[in-house]
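Work through the exercises below with the sequence and coordinates at hand. Each task is followed by a stepwise solution.

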Amino acid sequence: MSSAKIECVLRENWCCGESPVWEEASNSLLFVDIPAKKVCRWDSLSKQVQQVTVDAPVSSVALRQSGGYVATVGTKFCALNWEDQSAVVLATVDKDKKNNRFNDGKVDPAGRYFAGTMAEETAPAVLERYQGSLYSLFPDHHVEKYFDQVDISNGLDWSLDHKIFYYIDSLSYSVDAFDYDLQTGKISNRRSVYKLEKEEQIPDGMCIDVEGKLWVACYNGGRVIRLDPETGKRLQTVKLPVVKITSCCFGGKDYSEMYVTSARDGMDPEGLLQQPEAGGIFKITGLGVKGIPPYPYAG
Ligand SMILES: O=C(O)[C@H](O)[C@@H](O)[C@H](O)[C@H](O)CO
Ligand SMILES: [Zn+2]
């Protein structure tokens, strides 16, 4: 077993930190604070954070091949220009669902931006059920819808051979897999590869490592877990000093570090006293396994 070291690298106490993405070119970690409507970029060398505020809850951010970033803002896929802080709408979804917003999103190995929606929460994990759908924004800016009836659309990633798409609808307490056709972006044959145990609580964000194993952030579970999607077995548990763990990604030199986001929304004053780092960003080193670079949006 590895000896993991955990460090809180940013203690600005985000309401709900999410969607960590490593940007190698700037040695930075991108992430969002959903309710604060902020896209943030933390420079790992200068330790400075830059922020861009948008006009609606921003639930995910991704790199863009042609420069700048893309982000899911409210129910819109947007292009984000970091220099002039402008957001341009590329496409809108769920136009008939006024209470919906996007949640987690990630770019596939062919440059499509996948993201799902959910009804806005009245409290963490409290919301009108089955309102969400999963979509992807193709490089030509058209949108495809995969399925609906989603509660909280969350973690997503692709197998190293690009033949499997992994997906989490949080309230199903399951990590699911689909066959993936990289050429067309089509998914099929949904099945569960792991059911969370009670103490692991709610599955949230997810990423894959170079060995093809999945790392899942456990919201209210205070941990990230490493799963073998082939055997359905949990391989490792790494506990963190805060319970509301929202997502994880690999980054740093050679993608050998893991960055973990967390939330403080929904915590009472007593909980915040006990967990002063709630809402912080954590760096885990010494895991003994690396990640892979994020794919940029090709449009
Ligand atoms: O970031 C998300 O995925 C949701 O927007 C959050 O509100 C929580 O993580 C969720 O409630 C836990 O399932
Ligand atoms: Zn999430």
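Two strands pair if DSSP finds at least two bridges between them; helices (H or I, at least four residues) and strands (E, at least two) are DSSP runs, numbered from the N terminus. The model is predicted, so local features need pLDDT of at least 70 and side-chain atom pairs pLDDT 80 or more, while totals for chains, interfaces and linings use all residues. Residues are numbered from 1 along each chain as written, chains are lettered from A and ligands numbered from 1 in written order, and side-chain values use heavy atoms, without hydrogens and water.

**Exercise 1.** Find the pairing and the burial of strand S12 (residues 132-137).

Step 1. S12 pairs with S13 in the antiparallel sense over 5 bridges; Leu134 has Phe147 of S13 as its bridge partner.
Step 2. S11 and S12 also run antiparallel, joined by 4 bridges, and Tyr113 is partnered with Leu137 in S12.
Step 3. Between S12 and S13 the hairpin has 5 residues, and His141 takes a positive phi near 75 degrees.
Step 4. Buried means under 20% relative accessible area, exposed over 50%, partly exposed in between (1.4 Å probe, protein chains only). In S12, 6 of 6 residues are buried.
Step 5. In a regular strand the side chains alternate between the two faces of the sheet. Gly132, Leu134 and Ser136 lie on one side of S12, Ser133, Tyr135 and Leu137 on the other, and both faces are covered.

**Exercise 2.** Classify the aromatic pair of Trp14 and Phe31, then that of Phe114 and Tyr146.

Step 1. Rings of Phe, Tyr and Trp (its six-membered ring) pair if their centres lie within 6.5 Å; planes under 30 degrees apart count as stacked, over 60 as edge-to-face and the rest as tilted. The whole structure has 20 aromatic pairs.
Step 2. Trp14 and Phe31 are 5.1 Å apart centre to centre with 75 degrees between the planes, hence edge-to-face.
Step 3. Trp14 is in the loop between S1 and S2 and Phe31 is in strand S3, so the pair ties together parts 17 residues apart in sequence. Trp14 is buried at 4% relative accessible area, and Phe31 is buried at 0%.
Step 4. Phe114 and Tyr146 are stacked, at 5.0 Å and 15 degrees. This pair links S11 to S13 across 32 residues, and both residues are buried.

**Exercise 3.** Which side chains make polar contacts (N or O atoms within 3.5 Å) with ligand 1?

Step 1. Among them, Glu18 has a polar side-chain atom 2.7 Å from a ligand oxygen.
Step 2. For Asn103 the distance to a ligand oxygen is 2.8 Å, and for Asn154 it is 2.9 Å.

Note on methods. Polar contact = N/O pair within 3.5 Å; in protein donor to acceptor, adjacent residues only side chain to side chain.
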